[in-house]
Amino acid sequence: MFSPNLFESCHMFDMTHKTSESELMGNMRDDDYEIKSGAETMDAPSGDDQDPNRRTKKKRYHRHTQRQIQEMEAFFKECPHPDDKQRKELSRELGLEPLQVKFWFQNKRTQMKAHHERHENAILKAENEKLRAENNRYKEALSNATCPSCGGPAALGEMSFDEQHLRIENARLKEEIDRISGIAAKYVGKPLSSFPHLSSHLHSRSNDLGASNFGTQSGFVGEMDRTGDLLRSVSGPTEADKPMIVELAVAAMEELIRLAQSGEPLWLPGDSSTDVLNKDEYLRTFPRGIGPKPLGLRSEASRESAVVIMNHVNLVEILMDVNQWSSVFCGIVSRAMTLEVLSTGVAGNYNGALQVMTAEFQVPSPLVPTRENYFVRYCKQHIDGTWAVVDVSLDNLRPNPVSKCRRRPSGCLIQELPNGYSKVIWVEHVEVDDRAVHNIYKPVVNSGLAFGAKRWLATLDRQCERLASSMASNIPAGDLCVITSTEGRKSMLKLAERMVTSFCTGVGASTAHAWTTLSPTGSDDVRVMTRKSMDDPGRPPGIVLSAATSFWIPVPPKRVFDFLRDENSRSEWDILSNGGLVQEMAHIANGRDPGNCVSLLRVNSTNSSQSNMLILQESCTDATGSYVIYAPVDIVAMNVVLSGGDPDYVALLPSGFAILPDGPGHNRGGILEIGSGGSLLTVAFQILVDSVPTAKLSLGSVATVNSLIKCTVERIKAAVM
């Protein structure tokens, strides 16, 4: 409802409308005329009505109709400041006077301004309270400082900058311990102080920022036989275990920071331009750890750093999302699962996130057993803005622990750099029973190239380049084979990513695979397994026979990789191409190395049954290994993909090659040549042997695939040697 001073606002109107508005004001003084304001209005008395001898007229209130309010609300969203022409047009449509429309918009603007101011004030107040609390916390930490000479209170000026920083850091660590203790108390109903064997470790760390106390965990003897599948048998932690998990995670984070940032004597320079962990110094620095090394396990530690083309936010999300993590590192992570999330983090990000996981790590060969781990993953943003993600094994929390691999604190530090880049320091520290590794793979496994930090970081760097390529928009159109359509590039890269993931998850020695060895006579034995494909739009229905073999050849990995990825030399080894000419129809570069690309190939074969088939191929390489993976695809389906269509419904059965160096390499003239002595080559095929999923596998089909893979191996050896 407007006040009696409402009419004074008429002086603010435009001069061009003074005459019409004066006439309207005169009319508004009529006794029988009622003013209709924004939401409520009342009649204004005329000069005659102000006679004191006459009875004052009763005020009558009127509201706009629901339709009028809705129409003006909708118009306000589009134009909060209508001009005179718009107000007149709106008043005619709604049956109102232009002045009523003007008053309504004025009131609406005032109301919105007040609402925004209240919201901004609330935000500023919350930030102010946060800063005040942080300031008080620092003051309290400094006030408790004592003089190292006399033991009395220390003046701020008497403390060095490092001492001030340590006091503040100690106060922050204590606050973090209290916060995570609260998380644990939520699960068991009492604080960590109720567990003496845990709380003593927490308090002993308050004055020593470098200590790492993981509690007492007894050693155990590893067993050789595989009695079960960890990923299928393990369950989430019990309520009683969660306080210990919290403490393990916090202590593991501190150890990771020390391992990532320390130099000699904790890390010593190695022969292959890599850092080597000084085991004696490690035990002195971290005396408790997760307990002594079990009998039969070998220590394996490595550290690497690199700058990658991805911002820190996306990197943290990849590491904390088990699906993204498994996809990006599909060549290393064959299977992974999050069993329970103990904390999702604070402030809308992963800072403080804590989750219990299980994972299986692999080398792309059936000759190297996988490594299974049950661990907790903890993510934290430190005071300098650096993010850290750490894993540590939880083997002793399982009933009857029998582990052939356990992770000491391992993970990475992520530092934000300009232009969307990040510096990543990766640390891998495991204890493993690798006696079942085949002899030809032992040098590369023992060197750390198979499971170490170099492989993790090289894979991350390559995948970051791949993602940046998929998002590129300024693609030069100089080459006719280059796909310049953004949607077509994304769809083709997504299809290739699914092809690579399918190949990697099916070529290793995962416990989910039931490999059968055919004619076991040597290291190049062919291993086969079958799988029934039903109701999967990404695979053709029927019985799929997978076959794989690994062998050593005295040829450098780069030469083998270049030979296998080149379409001009494909007819020398690809039996199924029937000697036809192979032509590249489309090409997407996805990395700095020219070998990192996705190609669409066409086989010009005289066989009419292959006239409508194309070959999708992805080749990728880094310092620790290379892949050439391909799959036949239908030409009609690929036209849909190249037009930006959904690639999930394109049926694929990928085959291909995984190439690893045969050892750590040699430093020649300051240049590290990894595996320059020879290559470890894995050849894997997937073939649809029957389109009926319920059919039985015939021995003839197995014999055919066995002959196919052996013939391919012989052709490759003859060509590259």
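## A walk around strand β9

Let's start at a pair of residues: glutamine 381 sits opposite tryptophan 387 in β9. Before going on, note that this is a predicted model, in which local features need pLDDT of at least 70 and side-chain atom pairs count only at pLDDT 80 or more, while totals for chains, interfaces and linings use all residues. Residues are numbered from 1 along each chain as its sequence is written, and side-chain values use heavy atoms, with hydrogens and water left out.

Strands here are DSSP runs of E with at least two residues, helices are runs of H or I with at least four, and both are numbered from the N terminus. Strand β8 covers residues 371-381 and pairs with β9 in the antiparallel sense over seven bridges; to count as paired, two strands need at least two DSSP bridges between them. Five residues separate the strands of this hairpin, and glycine 385 takes a positive phi near 90° there. On its other pairing, β9 runs antiparallel to strand β11 (residues 410-416) over five bridges, with valine 389 opposite cysteine 412 in β11.

How many residues of strand β9 (residues 387-393) are buried? Seven of its seven are, where buried means under 20% relative accessible area, exposed means over 50% and partly exposed is in between (1.4 Å probe, protein chains only). In a regular strand, side chains alternate between the two faces of the sheet. In β9 both faces are covered: Trp387, Val389, Asp391 and Ser393 are buried on one side, and Ala388, Val390 and Val392 on the other.

Take valine 392, which belongs to strand β9. It counts as buried because its relative accessibility is 1%. Leaving out residues up to four places away in sequence, histidine 382 touches Met253, Ile257 and Ala388; contact means heavy atoms within 4.5 Å.

Last stop, the aromatic rings. Rings of Phe, Tyr and Trp (its six-membered ring) pair if their centres lie within 6.5 Å; planes under 30 degrees apart are stacked, over 60 edge-to-face, and the rest tilted. There are 14 such pairs. Phenylalanine 75 and phenylalanine 105 have ring centres 6.1 Å apart and planes at 90°, so they form an edge-to-face pair. Phenylalanine 75 is in helix α2 (residues 66-78) and phenylalanine 105 in helix α4 (residues 98-143), so the pair ties together parts that are 30 residues apart in sequence. Phenylalanine 75 is partly exposed at 24%, whereas phenylalanine 105 is buried at 1%. Elsewhere, ring pairs link Trp325, Phe329, Phe361, Trp426 and Trp456 into a cluster.
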